[in-house]
Amino acid sequence: MQTYAYFPGCSLETSAKEYDTSTRAVFDKLGIGLKEVPDWSCCGSSQAHKVDRDMAAAIAGRNLVLASEIGDIVAPCASCFMSLKEAAVELEHDSEIRDTLKENGLEYLPGSVRVISTVEAAHNALEKGMFEGKITKPLKNLKVASYYGCLLVRPPKIAQFDDVENPMSMDRLMEAAGATPVKWSHKTECCGNAYIMVDKDMTLNLVRNILNAAVSAGADVVAAACPLCHMNLVMRQPYMMQKYGLKSEIPIVYFSQLLGTALNADEQDLDIDGEVMRLINKRRQEANEVKEVG
Amino acid sequence: MVLGATARFKSIDVDLKKEIDRLSGQKVDMCYLCGKCTAGCPVAPYQDIPPHIVLRLAQWGSSKVLESKMIWNCVACATCYTRCPNDVDVAKVCEAITQIAKREGIVADPVASALREKFVESVKNNGRVHELPLAMAMKVATKDYLGDLDVGIPMFFQGKFPLFGHQIKDLNNFQKLFNSKKAKKEGDK
């Protein structure tokens, strides 16, 4: 069985627990092993490199060394994915940072670990035909806006994944799950990340633009692949309707929750909001009615 | 020498430019001001100056750039770098300028500065980020104590904002990574 070194990241232990449990459930259904990186530490996220890029590469690099005993490292959080992958690039070129790690008992061998996101890992599985016969509960008629955010695809030199302006991998995963991906404009627009804690007004403007684009495209739900994107998109919708011209509320789910639903994974692991589940069932029912009439 | 201390707007301070290039690993002179970074920048409309002007001021070595709010509020989304025809990583340039500005004692956006400091402090303390104290520290920094309680309290009761963070086992060695030789060298300058 193929096994990845799994890097959950800090948010998946707390604010994004359902992203962790649904990710594990999906890979379990696909027959892909996820072995948690032992004693992993924070990747540095979008902030550490702003203080000191070498320190950021060293702390992210620690995880690469720990993962190398298991195999290629897979991260559900877009920010973890980028920090780890960026560190892999920096460590390859910078022997001084490698020395810093070595002095602390962590020897990094350049090229020893490949870093990929869970979207990429799931998409690879799709291309290998690993979904065949496993989509037992298709998400019929559900219109999904796949939201990639920034760091799954950018910067392309480091991410080396999918088309940078119009990525399609998550759309294809949603299609495989029986859903209908919508074409929309804000797939890779930034949600403002942790700046929600710095400049709320600015960040809510960015989030409003993303959500309005999804609503205008006729999406039922937005699929996210980052805990911080998810939090920003989900948090203040009623307030944004009052003050920021948000057209309507729209549910935000992790792509793994949708995939898991189609794969008939354990409901408790998926932890989908009851209202979203009712919407999924309603769309399924509509699809069946159309079939009967037709 | 105190960087840019005597420089005025439109002054040419070659040393400031060199220092920005060194810290960012970029060549700001590569920029020909096409404005693609500004066109795609999600935060530019909310800042004092747009990213291509940050680059222009950096090319001039103007100390004015150290006072900009834009450099602190770059969200590192990498849209600019992705689209730059000359391969300039503008986010790295902004990041480098904030580091120089901080050394000069100029912090145009103390809240953005607090975010990165508190974040790194949180990581250093436990090996992982503990969201609750970080969020609370940011509430203090923005003086918006009650602003997000409507969101925070339900999350707390869903167990999504635990009181105690996870501490990694090998914390001792982890913390040494913050005091690498290289990091020290830069700090001494």
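**Stop 1: the β5–β7 pair in chain A**

Start by selecting residues 143–146 and 221–224 of chain A: these are strands β5 and β7, and they pair in the parallel sense over three bridges. Two strands pair here if DSSP finds at least two bridges between them. Helices (H or I, at least four residues) and strands (E, at least two) are DSSP runs, numbered from the N terminus.

A word on what is on your screen: this is a predicted model, in which local features need pLDDT of at least 70 and side-chain atom pairs count only at pLDDT 80 or more, while totals for chains, interfaces and linings use all residues. Residues are numbered from 1 along each chain as its sequence is written, chains are lettered from A and ligands numbered from 1 in the order in which they are written, and side-chain values use heavy atoms, with hydrogens and water left out.

Now pick out individual partners. Ala145(A) has Val222(A) as its bridge partner in β7(A), and Val144(A) stands opposite Val221(A) in that strand.

**Stop 2**

Touching is a matter of contact, meaning heavy atoms within 4.5 Å.

**Stop 3**

Colour residues 3–119 of chain A as domain 1 and 133–293 as domain 2. Domain bounds come from an automatic or database domain assignment. The C-alpha centres of these two domains of chain A lie 25 Å apart. Their contact takes 28 residues from domain 1 of chain A and 32 residues from domain 2 of chain A. Between them they bury about 2400 Å², with carbon and sulfur atoms giving 72%. Buried area is the accessible area (1.4 Å probe) that two parts lose on being put together, summed over both.

**Stop 2: over to chain B**

Chain B has eleven helices and zero strands. Of its 189 residues, 52% count as buried; the cut-offs are under 20% relative accessible area for buried, over 50% for exposed, and partly exposed in between (1.4 Å probe, protein chains only).

For the domains of chain B, colour 14–103 as domain 1 and 110–188 as domain 2. Their centres, taken over C-alpha atoms, are separated by 26 Å. How many residues does the contact take from each domain of chain B? Domain 1 of chain B gives six and domain 2 of chain B gives five. Together these domains of chain B bury about 470 Å², 38% of it on carbon and sulfur atoms.

**Stop 3: an exposed lysine**

Centre on Lys169(B), in the loop between α9 (149–157) and α10 (171–176) of chain B. Lys169(B) counts as exposed because its relative accessibility is 79%. If you draw a C-alpha to C-alpha distance from Lys169(B) to Asp29(B), it is 46 Å, across 140 residues in sequence.

**Stop 4: where the chains meet**

Show both chains. The contact takes 54 residues from chain A and 61 residues from chain B, and the area buried between the two chains is about 5100 Å², of which carbon and sulfur atoms give 58%. On the chain A side, highlight Lys50(A), Asn104(A) and Met197(A): they lose the most area to chain B, together 12% of what that side buries.

Finish at Val120(B), in helix α7 (residues 110–126) of chain B. Is Val120(B) buried or exposed? Val120(B) is buried, with a relative accessible area of 11%. Leaving aside neighbours within four places in sequence, Val120(B) is in contact with Ala48(A), Val51(A), Met55(A) and Phe178(B). Phe178(B) is 58 residues from Val120(B) in sequence and 9.6 Å away in space, C-alpha to C-alpha.
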